[in-house]
Every structure is written in structure tokens, then in C-alpha cells.
Amino acid sequence: MSAFAARQKLLGLAASAAATTPNADDDDKKDDILDRNTSAKSFFTRENFRKALQAQKREPSDDVEEKPAAARSKKRKQGPKDELPTEGRDEGRQVKSQFPHFSEPLPTGRRRIIYYSSSRLNQPNVIHSKANGRMLLKPLDGERLVIIGSYGIKIREGELTIAGAFLSKSDLIHWVHAPLCHAIPVIRITSDAIIELHPHPGTRSLRQLASLNPAFGKLWNEADDIGPGQAKKAASTFQIIFTSDDVPKRATIQELVSPAEWNRQLSDVLDFKKKATPVVFLSGPKSSGKSTFGRLMANRLITGSGVSRQPWAPVVVLDLDPGQPEFGPPSVISFNKLTSPNLSPPFCHPTLDPAAAQLRAHTVASVTPSLDPDHFVACALDLFHTYKTNSSLNKLPLVINTPGWIQGTGLDILSELIRQTVPTEVIYMSQDGPEETVDGLKAACQEKTIPFVTLPSQQPQAQASSSVDATATPAAAGGRTALQLRTMQTMSYFHLNFSSLTSSSPAGHSGPTWCPTPLTHIPPWRVCYRGPRPGFLGVLCYDHQPAPDLLAEAINGMILALVKIEDRVGAFREFPDLLSRSPSTSASASAQQHLKSQKEPTLNISHTPREQIPHLPNPQGKTLCPQHSRVLGLVLVRGIDVQRGELHLLTPLPASLLASTEDQDLVLVAGRFDTPSWAYAEDLHRKQWEKNASKSKLMVGGVAKMEVDEEEEQDGEQSDEAESVGADEVEDKSEGERVKALHDGTSEAQPWVEMLHGSQGRAAGSKVWRVRRDLGRRG
């Protein structure tokens, strides 16, 4: 069959095919099809192309692929010269044969060419670039754009959808972060539009976190990877992806896809406005798409769905997943108010403005509810109580996102939350069970006559169907494990510029910014724990209770939660031995403390024998009552100055927030937080990053660009002779000098991480053993 005949056949099949490919964000009643292969409009009409593509997907190769090998061989001998090849043909060559006007040569072989956006940048009357980095696009109805990086989008005319949100003509700029470690939101044009793409002003500080931790590396378009202190040419913070050839090297793109069942559910939730205020309870296994679906639903509720369905904005979200929270650092659950769509992954907004957006939060001192299930339920119900008792909030729709612990005690937690919150709908994000969990949730719903809906789970990240190379691995595709994502979330939180969360001009607010300075170079808060006015009541340990003489070692270099006590009697009602009604008789007590002790009971606070750090004995592992306390944020213990009686704390919390609690009770809560090993090595990563930048400079348009050995970064393996990260920065001081410097209060007394050369620090006769990576390889 000739190329012309093949094209005519596809157009003929298209005439009898369905009208169009359904839109994942718009058409809520039709099946969702991931039309990655949508081509440019210049091939022929947009409608005919979609119909031809749909017909091709139904009958991909009736005349070529499914014929026996003998018949195909015979056809090759007898066919004309312009006949389609039948062996070694890939997706790109199919498109080439169907659309002969496509002038660019497409590679052949095993690699597949995948089409993402429907327009190339060089088409006339489609796009205009401006001097300040902005781009003006004029996409037509039905076209799509896939953009990686960080950008702002402003709609001058028309309407589009992105991540469940419907955006129409407005003066607002909606800011988007689209890293490769998360599904990339697709922009779909629902009405002929004129849109502006703006460079993201906060992208540089976010990308510079890669110099402190490799987990932040290779997530964006790579035009901004410039060494610190070097000249930098203005480069776009985003990149429009047309085909898989535009994808950064050794990366894959996973598009944010909303299945048809998800779309129908998102459409139905808007109909609740005619009945009652929706309270949607999301549950399901880990990595099933609860957070993704919750983000799509919140965006849909905020923006509505076109003219016919008006929005609910604002929307409140009850974020109850301490392991992978959406609006807070790990171990924190929160109650949040959203007034604009959420178009970024969690580590790009590690917390919200406590004055306007994050209304209340609690810590469970762990990344899982298993530390204390009863305390987790109490914290969740207190946040829900805030919603129900506030007349300005309980008329807004509520989305409740829950953890992925769905069996055993986890199922009991979910069932109890359903009975106590009585949502208007319970959604389970899996159609594959387990049966015990589904039956348990259905039983809890039947008690309160609550509708129960099951939806399919989301497609796993970095699958072969979405890869540029079918042999690509999730690691090479930019995927991150749950631990790595928690590390990125926590690190993003501690490097956050808290002042950037607020803005006097919402129309121009571009979101948070970060400080890419290693934590070891940031001056800590010096909090007194001795004297007449200590900065906090004491240290309270959940779960494990270290001996008093080991408490300093247990908390030094670890993450703690800073909890505000709103009512001393209520917060410590589980600690009867700590409360004392007698007034303070200490000679050093101030008059203000004396007056306070007349109204509130004093606490029988203990102190560690050596450092005199105040702590609250908790032999039974009790927790603070969430109805009378709340978490302000997390702190990292940088060091302990025993001589001055001070804790050195690192936290992104602003001075204004801490000053407002000067005359209030604060408690430092310790628990099972993730060990902040990332903080110990930030300075070493930065020094190695600067060293690589100075050694490997490539002149690209007059700009010195850093070059990293991808193979070495991928394997993470070093030889015995190779220099370790920061090995040239070993502290040469003796142990006695370090201890003396520590007691003298110097900030650089003792490094958090020390790299050893050769056999340094090892016992006599010990050797360095290396594990071979090819032990299973046959000779």
C-alpha cells in the first residue's frame, strides 16, 4: 500500500469514527484517551487528525502487523517502491508515512517517538516570544500543551483546563511548578484562546536546592543549572515539549491523566451545590492517587466547570496524611483554606500562610499514625471540629485526604473517622480491594447512610508506555521513592523563606521562595532554657522515653515539633503528676510568672542532670490534648550550648510569629521523626557542587555551565582512591579543641559530618571492603 493510499484509508476510517477524542478535564461522560500522538494542525484539519488517530488506535496495523511473516515477505517483493516497510517500523515512521508534509526526519529503530503538544514553536501565527522571557500563544480549541519547568499562565482570551481547574479570561497569573518527578499537568484548550506564559520568578531559588541535595537534581528543563556566583544568561524557566525528542536527556514524562471514572466523579461533585455542601472523604491504598484526585477535586471546586457550573471557591482541605502531606512538612496534619487552584507538587509549597491559609495544624510526631492511633484520631477530629463550629467555614466544601494505611488498625482509624465526620460521600481509590477493607468501609458507611464509591487507581509513575525509551528505569526517569519525597518536603520546609508566603498583591504573588544556603551557614535561634525566663516549658517525648542523662544526645541534631499550649489544664489533662495547684515559690520567678501561676497550675518540670535541660517526665507515653494545643512548626536542634544554657534551633518560622508567643507556653515535642541526615551533608554537597562547577565548565553562549557525570551520579559508586564528597574539608582540630570551642559558643566548633581518609579512624589492621555489583554475573 502506498503512503497516499494509507493516508486515504485513515481519513476514510475517520469519517465513520467517533466525533472527537474526549478531554480528560472537560468531557466527563466519555472515555479518557491519552492522545499523546496529537500532531500539529498544519498536517490537515484538527478533527480529521483526531479521527484518524482514533481509528489507528482501534486498528493499528491490520494490513501490516497482523499478517504472517511469509505474506509480509511476499508483499515486500511484489510491492511498489513507495510501499510501507513492515519490519523495524516504529511509531515515528508510522506518523511519517501518514503525514508526508511533516518535514523533519524521524529516527528509526527501537526508540519510539511520542507526541505530547499539538503545535510546534516555529509555526506562524501560533507563538511569539518577547524580550522579557514571556511567550504569547494562540492555541485553538482542542489543542494541548505539555510544559515542564516553572511558569505562570495568564489567559487573555478563551478558556483552558489544567490539573482539573478551568481557567478563563482574567488578569490573574496562575503559577505552576511541573517537575519530572511528578505527573506533568497538561494544558487543554476548551475554547480558542490567547495565553501568556511568564517566567517563574521563584524558580532559581528552588532549583538551587539541587546544590544541597542530589534529590532535587534533574527535575526541570536543564537551562538553569548554573554554578553559584557565575554569570548567567537569561534563560526560560520552562520548556514546551512537542515530541519525545524535546524531553531532557535520560528523563521521561508522565502526564497527569484523569480516567473517565474520575471525570464523572469530578462532574458529579459540582452538582452537590444544588443539594448540600459536599464533604468528600478520600481513602485508598498507598500510591493509589488519593492526593492527586484530591488536588483535582479541590481545583474543580474552586474554579467550577465552565459557565454552566459555577465554582464554590474557596475550598477547605483536611490533610490527614502525615507521611505524604500536601500542605505541610511530614508528621504534620493540617486544616487549610484554598482560594486559588493548586498547580504544584507538595514540596513546592511545604506549608501555607498560617494567618490566612493554614488555619490549624497538629503533629503526630511520626510519618505514620501507628505511633499512637488514638492520638491521631483525636487530632483529626479536632481539625474537623474547627470546620464544623466555624460559621464562615462550614458552608464551604471540604475534601478529606487520609493516609494509605487501610488494613488492621488503619481500617479501624478510617471507619472511626467516617462515623465521626459523616461525609456526604466516601471514595475508595481502588477497584482491586482488598476485600476486607472494602467491606469494612462499606459497613461504616451503611451505619450513617453514606454513599460509597470506588474509583480506579492512578497509573504508576514512569511506566514503559510513557517512556521515551522502553528500557528506561524509574530511577532514570526521575522517579523518587516515598522516603526521597519526604526528604525533599522536609528540606524544602527548612529552607523556606516564610515571608514569601504572604503578599500584599495577590495578582502578582508568585508563591514561596527558598534560601539555598546550607543550614550550617544559617545563624540559629538561641533559645535559653535556664534562667528566670526560659524560652519553652520543656521537652516532651512521645513514644520512646530516653533516660534523663541521655536526653541531650537524643535530641541533638534531630527534628522536634514546636507546640503551643492554649490551655495548660486542658493540654496536660493526661499528665496528672505534672500539674500542681500551688503557686510558684521560686525566688527567681518574675512578677509576671507569679501572676500567671495564680490562674494556671504550675508544672513539676524535671531537668537533665548535666545540661539542666527542662523536660516533662512521660513514663506512660501520653500525648498533649489536641483540643488545647496546636503545632506552630518544626525545629532542628543545631546544637546545645551547655555553658550558656541555650538550645540552638533552626526553623523557617519568622521572628514575628515567635515573638507573638513570648508570654505563652511552648513545648518541644520529640518523637519518631525522620532522621535529618540530609541536613548533615548539605555543606559537603555544596562544596562538591562548586568544585565540579569550577573543574567542568562548558561555554554555552558565553555562559559557564556545570557539567555533571551522569554515570557517576547514577551509580553512586566511588573507588578507594577517589575523593569523597567534602573529603578535603576534614576538621584538623583535636577532640579537646573541638569540645573547648563548643563550650565557648563558636558556631563552627564541630562539623555535623566528618569524612575520613584511608584507614583514619579505623582500628589497627582494619581494611576497607568494597562490594562488587556484578556478583551474579556469569563469566
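**Entry 1. Lining of the second largest cavity.** I looked up which element gives most to the lining of the second largest cavity, and found that H7 supplies the largest share, four residues. The model I am reading is a predicted one. I noted a volume of about 110 Å³ for this second largest cavity. In the structure I found seven cavities of 30 Å³ or more.

I then listed the lining residues of the second largest cavity: Ser291, Gly294, Arg295, Ala298, Val317, Asp319, Glu326, Phe327, Leu338, Asn342, Val399 and Asn401. Two or more of the residues in this lining come from each of H7, strand S9 (315–319) and strand S12 (398–401). By class, I recorded five nonpolar, four polar and three charged residues in the lining.

**Entry 2. Packing of H7 with H6.** I next turned to the packing of H7 (residues 290–303) with H6 (residues 260–270), where I read an angle of about 40 degrees and axes 10 Å apart. The crossing of H6 past H7 is right-handed.

**Entry 3. Residues of the helix contact.** Which residues make the contact between H6 and H7? On the H6 side I listed Trp262, Gln265, Leu266, Ser267, Val269 and Leu270. On the H7 side I listed Thr292, Phe293, Leu296, Met297, Arg300 and Leu301. I classed the residues of this contact as eight nonpolar, three polar and one charged.

Technical notes. Residues numbered from 1 in each chain as written. Predicted model: local features only at pLDDT ≥ 70, side-chain atom pairs only at ≥ 80, totals over all residues. Heavy atoms only, no water. Axes fitted to C-alpha atoms, helices over the stretch in contact; angles between N-to-C directions. Left-handed = near helix turned anticlockwise from the far one by under 90°. Contact = heavy atoms within 4.5 Å. Nonpolar A, V, L, I, M, F, W, Y, C, P; charged D, E, K, R; others polar. 1 Å grid on protein atoms, 1.4 Å probe; cavity = no way out; pocket = protein on both sides within 12 Å on 5 of 7 lines; lining within 4 Å. Points joined across faces, edges and corners; volume = space filled by probe spheres on them.
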